[in-house]
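Trainee: I would like to learn how to read the contacts between chains in a model such as this one. Could we look at it together, feature by feature?

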Amino acid sequence: MFAAPETHPHDLPTFHSQISMPYTLTPGRAAGTFLAEMPNRRIVGSRFPDGTVIAPAQDFSPVDGEEPEALVQAPETGVLTAFTRVNGDVIGLVRLDGCANEFPHRILADLDVLSVGQRVAAQWSDGDEGTSITAIKGFALAPDAPEGKVIDLADPAEPLGVINYSMSLDFDHAYGPYYGRMFDEIREHGRVMGVRVSNGDDALLPPREVDDVTHKRTGTWKACGNTGTIRGCSIINMEILGQARKPPYVYAEIVLDGASTRMIHVIDIDDLESAKEKIRPGTRVRAIWTDGERQGRVSDIDRFEVIEE
Amino acid sequence: MGREVGIVGVGQTHHSRRRTDVSQAGLVREAVNRALADAKLSMDEIDTVVVATGPVLFAAVNQPEKWVVDAIGAQGKSVVRLTSGGGAGFAGALAGYYQVAGGYSERTLVVAYDKLSEGQLQYSISTLYDPFWGREFAVGIMGFSAAYWRARMDVLGHTEEAAAMVSAKNRKNSIANPYAHVKKEVTVEEVLNSKPLCWPIKLLDVPPISDGAAAIVLSNEKLAHHSTTRPAWIRGIAYCCEADNAPERSLMLSEPLAIAAKKVYRAAGITNPRRQFDVVEVQEPYSCFELNYYESLGLCPPGEAADLIASGATQLDGDIPVNPSGGCMGANPIGAVGVIRLIEGATQVMGRNESHQITGANTALVQSGGGWANLRGCAVLSA
Amino acid sequence: MSMPRVGIVSTSMTQLRPAWDSAQHIDLISAVVLDVFKGTGLTLDDVDFIIDSGSDVLDGRSISNCGFLGALGAHHKEEARVEEDGLWAALYGVNKIRAGSSSVGLIVAYSKPSESRDIDLYWGSMVEPFYQRPVGFGQKAALGMQAQRYFAAHGIDGKDAAALVARRWAAAAEGGQVAIDAVPDSDAVLASAEAAAPLTDLMISRPVDGAVAMLLSTEDIAARLGRAPAIITGMGTSMETHAFSARSANQLESVAKAAAMAGAKAGWKPSEADVAEVSASSAVGELLVLEGLGLAGAGKGLDAAMSDKVNRSGGALPADPLMATGLVRLAEAYKQLSQPHAGANAPRRAVVHGTGGVAMQTNCVFTLEV
């Protein structure tokens, strides 16, 4: 059984990393129409060739994948078929009148008073929820609500082609004994240390317990040089989301002296043409450390510079 | 290799820069319906399904096969997802191959897709990098790919001009491909003069960003005749890797591809690839990679890829046409590309390729891959 | 040509902990890969392929297998990533060996859910983004409604669920594989915070960090390596509709389908197993699995759950290393079958179950025999 030493980097319990990105998602015809109809306060469903109706509308039957023959307008009333409470919010399954399926939504009532089979009715949001399904605030108990009917969908709105969406994930990554020591050394001593490969003197960067190639245990720690050699490099001349530096600059994979594997970093340049000549595989470079306080990250090295011969 | 496994039906979407009329799930359905129709089968006659896509961050749906299952009517079936970056589709086909070859199923549907218009492509690929080590300087996969092309220029002579010839060839071939969405002939000069993005990679060395899906039906020998009289039999298929930060990684020849080729050629009885293959389909995420594959697949010795493309041998009328379909330059829905290349190779040996049927094609080589150029595979198909 | 049978040669597992905060993914992975060869006579050189299970969303990096290849021992080998529970990785591995092109395979599954600041996002990103995500529907809501329906249909309540949970934690504590500070009794389970009414926190499986590795080989190789090998004689898997609301209430049809597939290959029914190791996302989920496997009739899952043959390891409730849980179950079943036992009462057959998706949308069943 693996038993890691209970070591932690000094003052660096975990490494926070965030992945956050904008998206433009396409809902497809059925959901696109449903969402487009939210501001009109109409609930759109799908009718299948055998006459069954499901709501909210789907392009494919969740039961067997069949395609619907028409979009319809579903009523705002139905029955509660299941319920729970998560983080204080009551969520339930609702079957709208005239529909064969159920779907999840907020239930606007205390959990204690709910029972399966209760009549419910949609409540529309007072605020502007745009084309989100949350334009329906939820379903409230409506014991006396008359049975609603599915009707034809008159003059349906054009389906939304794209909706804006974002996803953000936060991570607190463990350093472990190897990365922990490496980043401590970077922060406290301004040096890059790796561990020797299992069968030689060169250091693996980043360090780890087991050699990537031989799958044998790695050796002792070793400080790598402040200088190194470019293995591969390209001149970045385009902007992409999430980029830390403004182009143009050089993306370089550098083998530090005494190391066997690459470190990924950047080299500042004046212009494309001179960089093509000056910076190439084999070019010698030197790490330029930050003037500010070191944080224990790769970016404590601000950049690399070409060593003029 | 185990039992005979054949590709008996194929289908792909008409790929496009952005499909705003269908969801991810709807896109997958189109390809599946076409493949089933092509194989003269219904979903009821499929035992198992493999779904393959690129990384989750491409389109913000985690384990998307669990949503897609509804759109393809595969509820209740054995459904599993494979993912392997750019090579996801190929990795999915490989898993499907073993489901049939291992007797777990008689017929397996493999569908692969990506709807790249929905996300931020290069930024999501940057998250491939270790968050501690390198991600802050990552430039998608393009910065990396260009860096090692630059290194191969010096060692192997993969010049900008040679790569430009690849791009010009593939873009020209795409024009006849009914499923491609970039159909514009370019000259070698135009490629060389296009805007540097991550030099040496320039705008016209880069394939488009696409929405697309592709599906194949795999069948065992017993049932194959229900679908076609001329299946594309998989004579060998393998997908190998190397540790991303291994000291011994040369990034000159692709070692994992060479290892995969050795396994596959042995299984398929290939001893002289240049002469024995009638047609080759490769996944070139940038033009420079096609040169790398020529050498790694043994179509020419190391250092001679530039000569091979210059000789015209890999053109449509050459002795070993590569990417008659136009490859990725016509359409590049990344996760689907491995299956698209298999489809293009399969239809060649089935005698019904829709772009450029190579006359008398009987044996095809298909290549695919992903990651940091460290996941690489190939397959041999024949009638 | 008959296909070879496939057996388990050995397994290795880290401790399952709420947070392996002193180790990275690669530390856990390389540790189990190093360890799995001990006592087998095999080395990594003998391994033809590696199949791994993990999640980009949990790992916080795309194509995460790509960064872990060295730790996996995969350098210059065939490798595949199944983005599903590890039991599906094993299924792939068995097929690969049965096809005849390989004879030894390494299966690895791992996860570190502790590194996700909000684990609910892992589940939330699994449901479609137009109708379900905006209203807060996700794993917890689905499990809550599943339990609410089951309780109402079968006249059991939180106390019954709590008794099951307490039993599982006690078993896990006894097994020693799971890090447990204090074993909760039924009252403590009932008293834990509400997760999704009627389920409390402890009635939902506890995400833990860990890694597991397993060597598979052809039967003849496994037989030569030592004890009578445990043979995987049946496999089945089935995925239900994405729409939780469209699935049958109070049953997991996909478990029954997967069990039927596996049973047909093995030639016996899961209900005839001596040992059952099953996964579950909640206490009620475990009852539904046992009913789906045919170990109990509808609504009678609790009777089977309290039997000595079910989840001796404690199952998934006290320790659910997402993406690895099913492979852990297979490893636990293997241990129970391969340990020396006296006489005719020795267990000879096991049924093993893994699951994935919101409210257990997909399920996988193996049969294992010595």
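Trainee: Which residue is the bridge partner of A:I236 in β5(B)?

Mentor: The partner is B:C198. Before going further, note that this is a predicted model, in which local features need pLDDT of at least 70 and side-chain atom pairs count only at pLDDT 80 or more, whereas totals for chains, interfaces and linings use all residues. Residues are numbered from 1 along each chain as its sequence is written, chains are lettered from A and ligands numbered from 1 in the order in which they are written, and side-chain values use heavy atoms, with hydrogens and water left out.

Trainee: How many bridges join strand β15 of chain A to β5(B)?

Mentor: Two strands are said to pair if DSSP finds at least two bridges between them, and strands themselves are DSSP runs (E, at least two residues), just as helices are runs of H or I of at least four, numbered from the N terminus. Here 2 bridges join β15 (residues 227–236) of chain A to β5(B), and the strands run antiparallel.

Trainee: How many residues of chain B are in contact with chain A, and what area is buried between them?

Mentor: Contact means heavy atoms within 4.5 Å, and buried area is the accessible area (1.4 Å probe) that two parts lose on being put together, summed over both. In this model 64 residues of chain B are in contact with 70 residues of chain A, and the area buried between these chains is about 5,500 Å², with carbon and sulfur atoms giving 61% of it. B:F132, B:W133 and B:F137 supply 17% of the area that chain B buries against chain A, more than any other three residues.

Trainee: Which polar features are counted between chain B and chain A?

Mentor: A salt bridge is a side-chain nitrogen of Lys or Arg within 4 Å of a carboxyl oxygen of Asp or Glu, and the count between chain B and chain A is 2. One of them joins B:D244 to A:R262, whose closest N and O atoms are 3.7 Å apart. A polar contact is a pair of N or O atoms within 3.5 Å, where, within protein, one must be able to donate a hydrogen and the other to accept it, and residues adjacent in sequence count only if both atoms are side-chain atoms; 26 residue pairs are in polar contact across this interface, both residues being at pLDDT 80 or more.

Trainee: Which element gives the most to the side of chain B that touches chain A?

Mentor: That element is α5(B), with 9 residues. Elements giving two or more residues to this side include α1 (24–38) and α5 (142–156) of chain B.

Trainee: How many residues of chain C are in contact with chain A, and how many salt bridges are found across that interface?

Mentor: Chain C places 59 residues in contact with 61 residues of chain A, and the two chains bury about 4,800 Å² between them, 61% of it on carbon and sulfur atoms. The rule finds 3 salt bridges across this interface, among them the one in which the side chains of A:E102 and C:R149 meet at 2.7 Å, N to O. There are also 18 residue pairs in polar contact, both at pLDDT 80 or more.

Trainee: Which element gives the most to the side of chain C that touches chain A?

Mentor: On that side, α1(C) gives the most, with 8 residues.
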